[in-house]
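Trainee: I'm new to reading protein models. Could you walk me through a few features of this one?

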Amino acid sequence: MPEPVPEPRRVRQPLQEYFTVFDPQREARQNVHEKVNPFITYTHLGTDFGFIGNGQESIGCERGAVLINMPQGYWAGMWHGLAGMGTDLDSQLDFRACYPPFMNTKFQPKIVGFELRGKGKGTLKVEIKSSLQQVLWMKPFVLDTPDMRTQVEPVSADQVGKAKYLNWVAESGTDVSLDSISFIVQAPAIPFDEYVFLTSYAKLARCFSLRTAWVRDRAHIRDGHFDNVPATGLFAMCTALAAELGVVDHKFARDLVYRVNDNITRLDSSRGLLPHFVKVFENGHYGIVPGTEYSLVDTAIYYHAMLVAAEILRDQPLKDHLTDQLRGIVLDEMLVDGEGYIRHGVREDRVTPLRAVWRDWGGETALVLAMANMTAKPPPLKMATTGRVYDGTGFIPEIQSLFYPDFDQETADAISKQNWPAIRQDMLKRQKEYFPKNWPDSQVAKERFFGLSAGEAQHGNGYMVGGVDLPQQTVIHPHYVLISGSTDPDPEGVYDLLRKMEDDQLFPPWGMVENFTKDLDEYLPMLGALNAGFECLGAYNLMTKHRKAKNLVYEASRSNSELRRGVSIFYPVATTSAEGSNTGISLTVR
């Protein structure tokens, strides 16, 4: 195909659209003390916020806006962190290069403007401040309109430099309704398919802590409070890819992968299984988050990601270490039920098995079985042979193909006897048809958006599973658009859809939103690590398919002897020798 054309981009990045912050218990106005739950209230940048001034009681909210009615003699406003938590003074946002600082200059956007949208009468003074509360930029916004209006002011990235807070203050007598505040971002001039990977990687990178080398489950959670083991492995894998693309330096990628592996080796495990979530305790050691589990599928995701990362980096000692860790996983009678299905894992006490088993047909079960075959003594391995995707949930038939090219083969696999590409293509077709068939007048039907998958619930307070087999679905998880990209026969059409999502503020430079509703009247801007990892890998696989270029993930999968061992239970013809040679399909993405 022709060389992709670089595209300069000037795009809007919300700092806060206040419908995502406030969820009033009643439809009318409520006061400041009723509305802040820190788990589900955060900025679009994955940071925290708070209130300032002697008139805070005069700031309230309704669904979709902050209401300010400031009496004479009082003032008040809100502060918004721009990087990390507000108390983390070392975390700052560089307006000249506003992606995480370990990403190289060529791929760095810069902030060139500020936007405020509101109505009413009065003045809001906006300040950008340093960690030491120095004013780096200041502008009064005068409102005198009964209708929502948008005002945009230029910002000099060089003048601001590194900033910590953006504050707005309502002066005495101000009576306004504030809808949103946003930055205008000048993105790097790179081809759009590369930009999609870049923004997805940057979203995941915001969940990563340079201090701890762990990935937080959500960007707005403090380091060490709720870190995600499989997402940490995915970040290592995506960073190895980013190094090959020049987004980060190879030394950074190699050091990061070793730090991640060192963290994992220090964890307590159960029969070699890793915890899903970890936290740091008072003694300074990391361990399982109380109430969570040692998980088969999350262990499988972690090791698949790390094996690919080690192969991309051509690091034999790390591959050997990972192999030793995999051989240490014990899938004995405690972890296999009476019918021969592998259990989901073990409770936090490290001895009580979970009752659920990996029986259902799909990619999660496939990854569990592939990892099981990498252990020293694999049990007999089986899964359902129905080919039925549970609830028609989007990611289920796709997750295995983030790591393996083998599931593109138009032949039945050896375990479930199913044609995976046919099922994946049928799922994609049904996903695209769901809203036009069930909600023909909805906005997503008109714009042809799709993605009934699994992720955070509508307001980010809980987990939800959607699917095309379920009725009355109204919440879309758009990560499916990217992870199904390797199945879609029309990569250019996928990018056209992503451009429309960008136009609708669903794919801003800080990364794809977590979910949105069928009429596009609400979305969740949460920066969640696990879906960000899936999005990043999906974006990479889509880009290589679009360019008909060599896919380094699939090349690593074909070259790594452990990954060959894993997938051989499904496709024995793909087995490799101990030296890593293979007889798989062409390295060029089809």
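**Two helices crossing**

Mentor: Start with α2, which passes α12 in a left-handed crossing (the near helix is turned anticlockwise from the far one by less than a right angle; clockwise would be right-handed). This is a predicted model, where local features need pLDDT of at least 70 and side-chain atom pairs count only at 80 or more, while totals for chains, interfaces and linings use all residues. Residues are numbered from 1 along each chain as its sequence is written, and side-chain values use heavy atoms, leaving out hydrogens and water.

Trainee: At what angle do the axes of α2 and α12 cross?

Mentor: Two packed helices are described by the angle and the distance between their axes. Here α2 (residues 192-205) and α12 (residues 529-547) cross at roughly 165°, and their axes come within 8 Å. Axes are lines fitted to C-alpha atoms over the stretch in contact, with angles from 0 to 180 degrees between N-to-C directions. So α2 and α12 are roughly antiparallel (over 145 degrees; under 35 is roughly parallel, 65 to 115 roughly perpendicular, the rest oblique).

Trainee: Which residues of α2 and α12 meet?

Mentor: Contact means heavy atoms within 4.5 Å. From α2, Phe197, Tyr201 and Leu204 are among those that meet α12 residues, including Ala532, Cys536 and Met543. The residues of this contact divide into 10 nonpolar, 3 polar and 5 charged.

Trainee: How many residues of helix α7 are buried?

Mentor: Buried means under 20% relative accessible area, exposed over 50%, partly exposed in between (1.4 Å probe, protein chains only). In α7 (residues 363-372), 9 of the 10 residues are buried, among them Leu367, Val368 and Met371. Those buried residues pack against α5 (296-312), α6 (316-327), α8 (420-438) and α14 (561-567).

Trainee: Where is Tyr99?

Mentor: Look in the loop between β7 (93-94) and β8 (110-129). Tyr99 is buried, with a relative accessible area of 3%. Leaving aside neighbours within four places in sequence, Tyr99 touches residues including Phe107, Leu198, Arg206 and Pro509. Tyr99 and Ala205 are 106 residues apart in sequence, and 8.6 Å apart in space, C-alpha to C-alpha.

Trainee: What is the order of the strands in the open sheet?

Mentor: The 3 strands run β20-β21-β22, with antiparallel pairing. Strands β20 (475-476) and β22 (523-524) are the edges, each pairing on one side only. β20 is joined to β21 (residues 515-517) by 2 bridges, and Ile476 stands opposite Phe516 in β21. Strands here are DSSP runs (E, at least two residues), as are helices (H or I, at least four), numbered from the N terminus, and strands pair if DSSP finds at least two bridges between them.

Terms used: Nonpolar A, V, L, I, M, F, W, Y, C, P; charged D, E, K, R; others polar.
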